[in-house]
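Student: I have a model open and would like to go through it piece by piece. Please give the cut-offs as they come up.

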Amino acid sequence: MNEAIQLLLKFPSLLPRNGQLTEFDGYLNINRTDYEIHLSQVNGKPFLEINEKLSTFRQDIDHLSDIYTNPLNFLDALSETISSKTSSAIKKNLADFYRQVLTEYAEFREFYINLQSCVITPDLSEVSITTLDECDRQHALTVAIDGTFRIARHDLPDRDDFAKPSASLSVLYETFVKAIEELQPYLYLMDRFDSAAWVLDPETPKPKDCYRRIAFDSSISVVITVDPWKPDGIPSLQFLGPERLTNSFRSKVSSNVENWDYKADTFDEILRLLEMEHFPPKPTLDRGEVVLFSTGECCICFSSRLNQKLPEIVCTNPSCEQVFHVECLYQWLVSIAAKTRQTFNELHGECPNCEKHISCPLP
Amino acid sequence: MAGLSPSERRLQKELMSLVKEPPPGVTVDSDVIERNLLQWLINMDGASGTLYEGENFQLQFKFSNKYPFDSPEVTFVGPNIPVHPHVYSNGHICLSILTDDWSPALSVQAVCLSIVSMLSSCKEKKRPPDNAFYVKTCNKNPKKTKWWYHDDSV
C-alpha cells in the first residue's frame, strides 16, 4: 500500500482504478511528450498496455517488466529509458533539414493555390493536404517528413507508386492528383451504388473501399468488387444468402456475362447482368420495435457487425436459414467438439438454431 | 455501444428486449442489472390456471464472459422455491437446455419460457425423489452436476 502511495506521489498524473491500488490510468510526461498508459498487474508482474506511442518501446517494456516486479521501480526505469531514447532522437534533427522542409513547404503552398487545406504540424513531421476533385469529392493526403517526403496516409485505393518516397513535396502531390483523375470513373460508379442501392457494407464507404455489399431483400445480398484502376471491366459478384435464391442469380450472371459491353455504362451493365431494372431501395426502418435479433443478424452474437464483418454463413435448411458470422459459428462448433467433425478446411456440426447439419470454413 | 465485448453487447440487447417485450409473467428490474450485466434477477409469476397460480418466484441468471458459448447458470433464489419434480429445494433446476442441450441460439427469453412451461405442465407439486440426498451433496453451481434427464413430460 505504502509503495502505491509513493507511486502516486511520484507520478501525479496517474489515477488509481481500484481500491487495492493495483491498476492505474493516466499519463507519463517525458521530454515534453505525454504517453498515455494503463498499468495493471498480471501474474505478479507489472503489465503495461502497448498503444501506438509506446509501441517503439515495446522491447524495453517487456524487458523491464521482467526485471522489476514493483510497479514504482518499473515506472522509474521505464521513464528513464524513454527519456534517454527520445532526447537522442531530438538531437539528431538538424536545423538545416528543417530549413529545407520549410522552403519546400512554402514553395508548394505558393504553387498550388487551389488546395482546400494544407497544414504542417508544428514539429514539421507531417503535412496534411485536402483537395477537391472535379465532382467536389474531398480527398485527404498526409505526407510524412522523415529525411524525405513520403505518403503516410491517403484515402484512395492503394497503388505501388504511392509507397515511393520523394525529395519533393510537389512530385508526391502530383502522383496523388494524377491518381485521383484516373479514379474518376471508379468513384462515379461507387457513388451510383451508394445513391441507388441498399448498401449493407461498408457502413460509411470511403474511396478506398472498392466493394459494396448490396441487399436485394432481407435475406439475399451480393458483394460487388470493382477494380478501381479498371472499373469498366466485369466486377466480381459474390452472392450471399440461402442457396435456393442465390442459384438463380448465379445462373443469370453466367448466361449474361458474355454480352458484357466494355464501352457501355458499368452500372447499367451490372444491372443487365442481374436482369434487374434497378436495385431495390433501402427499406425505411421501424425504430419503435425492439426485436431480439432481426434478419441479417448473427443468431449467436445477435448483431450484424462483428469486427467490421457481416454474417456470411447461412443455414442450408430452408425452414431455418439463420445467418452466422464465421467466427461465431466456428467458436461454437469447436466448443462442442464431441458433436463436430473436421474435413479438410471445414467443420461440420449442428446448426445452433435448427440442429440440422451445418458446415463452417476455418476462419 | 462502443467498447463493449460481443458478449456484453448481446446481454445488453437481450436485456433491452426482455424489458420491452417480456414473456407473460416475467419482469426484470433493468436498473439493477445494468450495474452488473453478468448477474440478473428475474421475477416470475406462476401462470394462471396452473398449480403455481398466485405464487411469485425469483430466478437468478449468472453469465460467464464466454456467454453465449457457455450456458448461463440458472437457479431459483429467494424465499419461494417452486415445489416441482425438477426443481430441488436449493433452487437447482434439472432442465436439459441449461447444460447438455444449450445452444447459443437460445436466449434468456427462451430459457424463461422453458421454465414457465415446465412449471405450467406440472400435475403434482412434489420435490424430486432424490432431493434430500442431492441438496446435501451437490456443488453450489448446478452446471457442475451431471444431470439425468429422466422425464420429458413435466
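Student: Where is the place of A:Val257 in chain A?

Tutor: This is a predicted model, in which local features need pLDDT of at least 70, side-chain atom pairs count only at pLDDT 80 or more, and totals for chains, interfaces and linings use all residues. Residues are numbered from 1 along each chain as its sequence is written, while chains are lettered from A and ligands numbered from 1 in the order in which they are written. Helices (DSSP H or I, at least four residues) and strands (E, at least two) are runs numbered from the N terminus. On that numbering, A:Val257 sits in the loop between helix H7 (243-256) and H8 of chain A.

Student: Is A:Val257 buried or exposed?

Tutor: A residue is buried if 20 or more other C-beta atoms lie within 10 Å of its own, exposed if 12 or fewer, and partly exposed in between, with C-beta atoms placed from the backbone. A:Val257 has 11 other C-beta atoms within 10 Å, so A:Val257 is exposed.

Student: Which residues is A:Val257 in contact with, leaving aside neighbours within four places in sequence?

Tutor: Contact requires C-beta atoms, placed from the backbone, within 7 Å. With those neighbours left aside, the contacts of A:Val257 are A:Ile234 and A:Leu273.

Student: Why do the buried residues of H6(A) line one face of the helix?

Tutor: The buried residues of H6(A) are A:Tyr186, A:Leu187, A:Leu189, A:Met190 and A:Phe193. The arc is that of the directions from the helix axis to the C-beta atoms. Seen down the axis of H6(A), the buried residues line one face because they fall within an arc of 160°.

Student: Which helix of chain B gives the largest share of the side that touches chain A?

Tutor: The contact takes 15 residues from chain B and 14 residues from chain A. On the side of chain B, eight residues come from one element, helix H1 (residues 6-20).

Notes. Contact = placed C-beta atoms within 7 Å.
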